[in-house]
Amino acid sequence: MYRIEELKTLDSTFGSPIYLFREEDFVNNYKDFVSSFCKYYSKYQLSYSYKTNYTPYIAKLVKDLGGYAEVVSDMECGVAKDIGYMPNEIVYNGPFKGELGTWCLMNGGIVNVDNLEELKGVCKLAHDNVEKKFEIGIRVNINIGQSFISRFGIDMDSKDLQKAFDMVSKVDNLEVVGLHCHVGQSRTVEAWKNRAKIMLCLADKFFSGKAPKYIDMGSGMFARMEPSLARQFGDNIPTYEDYAAAVAIPFAEHYKHLSQEEKPMLLTEPGTTIINSYIDFIGKVRAIKHIKGRDFVVLNCSKDNLGDICKMKRMPLQVVHNNEEQMMLTEAEFTGYTCLEHDVMYPDYNGMLGVGDYVVFGNVGGYSNVSKPPFIFWNSPMIAKKTDGTLKIIKKGEQFADIFATYIID
């Protein structure tokens, strides 16, 4: 919980609105997650999803904690390179890889091929560089009981998957050494048990007589959440221990006959799971309006600052009063600075509120600052509250020149 003195200090030092990254809480959560998996399968490796939040300070913190970088674009791969990752510590996924995807391939990175057209390009690269040995993973499209058809990977139930392995077998200096999957919107323990079962079966089928170098299980686990948010997802939210037991125990049992060196590396690619709850967004009340019996609160921020989750759930919310003049509001809408009717951050606030009060939204670590468009107003700064309690700017607030630098003004 934030105190008024703390928020006033942040406001006077860095302005409003801002993101606040709680470093110590993030580190503790990260370590708990990794230890849950390593408890059952010692050859586990976390690979942090950059698309979730590629803030370099946070990405560097993950690196220092031993995590790999999971990227899906040259932009994200560039961040990993800049903060010191070696190619073999970068997992490059996604259906549209750029020049740095080739750089990863040429230098021993972990590259998971999404489709046959991409694989044709990889085969040509190997043909053109016969002096080098290339290793890749195949992203497989699997059905774990989800309610939709994923568009990613090569369908395990079609002839294309065998065709992919056959294509690689014809290239002497190219080898498939890993399997990858990712199925979104499937966070149940049962879904993860199904993932493990299917991926282990595929590993046995396509790597007969030996284990692959790695099996990458993707992401999609519930994060630790404040109770007000967790209740909206239903009862019995799985713990890290639950997920680890569902995946790592089957892996340990399946490969118990192998030495540590022979066992495949087990990867997962958490993003929201390890970052969501550890960034807060702090805005301020600019006006309170009463229109036709309804209460509307205008904030100095927008739904775009918070990410898509505010469209689906009621965010964890703390109001810190900063004005002696308070009024009682009923089912008030917290609205943003944009000129869009649907710019609503919180739909039904009940309680006292005054102009100038601070409003703190929790659980905004994922798909928030990285998804904020330059629509109507630029993005806010991000501050890290470090483990020693000091404050550090880790992302400057955008300005006019940042947004319009790429436009040509005659």
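Start by selecting Cys310 and Cys301: the sulfur of Cys310 has its closest cysteine sulfur in Cys301, but at 9.8 Å that is too far for a bond, since a disulfide needs two cysteine sulfur atoms within 2.5 Å. Cys310 is buried, at 7% relative accessibility (buried means under 20% relative accessible area, exposed over 50%, partly exposed in between, using a 1.4 Å probe and protein chains only). Now pick Cys339, which is in no disulfide either; its nearest cysteine sulfur, in Cys301, is 15 Å away. Cys339 is exposed, at 73%. In total, the structure holds zero disulfides.

A word on what you're viewing: it's a predicted model, where local features need pLDDT of at least 70, side-chain atom pairs count only at pLDDT 80 or more, and totals for chains, interfaces and linings use all residues. Residues are numbered from 1 along each chain as its sequence is written, and side-chain values use heavy atoms, leaving out hydrogens and water.

Next, the rings. There are 20 aromatic pairs (Phe, Tyr or Trp rings, the six-membered one for Trp, with centres within 6.5 Å; planes under 30 degrees apart are stacked, over 60 edge-to-face, the rest tilted). Select Tyr19 and Phe281: their centres are 4.7 Å apart and their planes at 65°, so they're edge-to-face. Tyr19 is buried at 0%, and Phe281 is buried at 0%.

Then try Phe251 and Tyr255, a tilted pair with centres 6.3 Å apart and planes at 55°. Finish with Phe21, Phe26, Tyr30 and Tyr57, which form one aromatic cluster.
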